[in-house]
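The following briefing goes through one protein model, from its overall make-up to single residues. Please keep the sequence and the structure in view while reading.

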Amino acid sequence: MNKVVLVGRLTAKPELRYTPQNTAYTRFSVAVNRNFTNADGKRDADFINVVAWRKQAETISKYFDKGNLIALEGRLQTGSYDDKDGNKRYTVDVALDNFEFVESKASREQSSLNNSTPYDYQDSNIAPEVNVENDPFAEFGDSVSIDDNFLE
């Protein structure tokens, strides 16, 4: 079984692109907080690369922005390529199967308008603190377990 479920914040605005066959796709990264703190008492984050295709890519690039919270489900996909120096490079991405909006439209718009919030994930190993007023999981404590089995 190859299944990945993540909830995290986008590290940049997803950019819609097209293959030579005119198939829409987007690649983006999601910052996912770890469930534990490091030696300094801070919560580190993992930065996960995601690729979405066709209508999902169009929707994500249209409605999501840097810092928005997203829930996604997919599968790990590995690949490789030769860089400009001829060295083989390996990649690991989450190939998106499903996604959900986690924040309300108003929260997403506020996050997009409030670009003074330091969502510069590329320069930091630590994701920003979550604003508890906008955090839909705040009442659940430190970690949230997403389990689809209760739906059956």
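**Overall picture**

Of the 152 residues in the protein, 31% are buried. The model is a predicted one, and its secondary structure comes to two helices and six strands, which follow one another from the N terminus in the order β-β-β-β-α-β-β-α.

- The accessible surface of the protein comes to about 10300 Å², and carbon and sulfur atoms account for 45% of that surface.

**Strand pairing around β5**

- Strand β5, which covers residues 69-82, pairs in the antiparallel sense with strand β1, residues 4-10, and this pairing runs over six bridges.
- Strand β5 also pairs in the antiparallel sense with strand β6, residues 88-101, in this case over 13 bridges.
- The strands β5 and β6 form a hairpin with five residues between them, and G86, which lies in the turn, has a positive phi of about 85 degrees.

**The largest nonpolar core**

- The largest nonpolar core holds 16 residues, and those that touch the most other members are F28, I60, I70 and L72.
- Two or more residues of this core come from each of the elements β1, β3, β4 (43-53), α1, β5 and β6.
- Leaving aside residues up to four places away in sequence, I70 touches L6, V7, G8, L10, V30, I60, F64, F99, E100 and V102.

**L6 in strand β1**

- L6 lies in strand β1, and it counts as buried because its relative accessible area is 14%, which is under the 20% cut-off.
- When residues up to four places away in sequence are not counted, L6 touches V32, I48, I70, A71, L72 and V94.
- L6 and G74 are 68 residues apart in sequence, whereas their C-alpha atoms are 8.8 Å apart in space.

**The loop between β2 and β3**

- T19 has its place in the loop between β2 and β3, and with a relative accessibility of 17% T19 counts as buried.
- The contacts of T19, not counting residues up to four places away in sequence, are with Y25 and W53.
- N22 lies in the loop between β2 (17-18) and β3 (24-37), and N22 has a positive phi of about 70 degrees although it is not a glycine.
- Is N22 buried or exposed? N22 is exposed, because its relative accessible area of 60% is over the 50% cut-off.

**R54 in helix α1**

- R54 is placed in helix α1, which covers residues 54-63, and R54 has a positive phi of about 55 degrees although it is not a glycine.
- The relative accessible area of R54 is 55%, and R54 is therefore classed as exposed, as this value is over 50%.

Conventions:
Residues numbered from 1 in each chain as written. Predicted model: local features only at pLDDT ≥ 70, side-chain atom pairs only at ≥ 80, totals over all residues. Heavy atoms only, no water. Helix = DSSP H or I, 4+ residues; strand = E, 2+ residues; numbered from the N terminus. Buried < 20%, exposed > 50% of the residue type's maximum accessible area, 1.4 Å probe, protein only. Pairing = 2+ DSSP bridges. Core = buried A, V, L, I, M, F, W, Y, C linked by side-chain atoms within 4.5 Å. Contact = heavy atoms within 4.5 Å. Areas by Shrake-Rupley, 256 points an atom, 1.4 Å probe, with all protein chains shown as cover.
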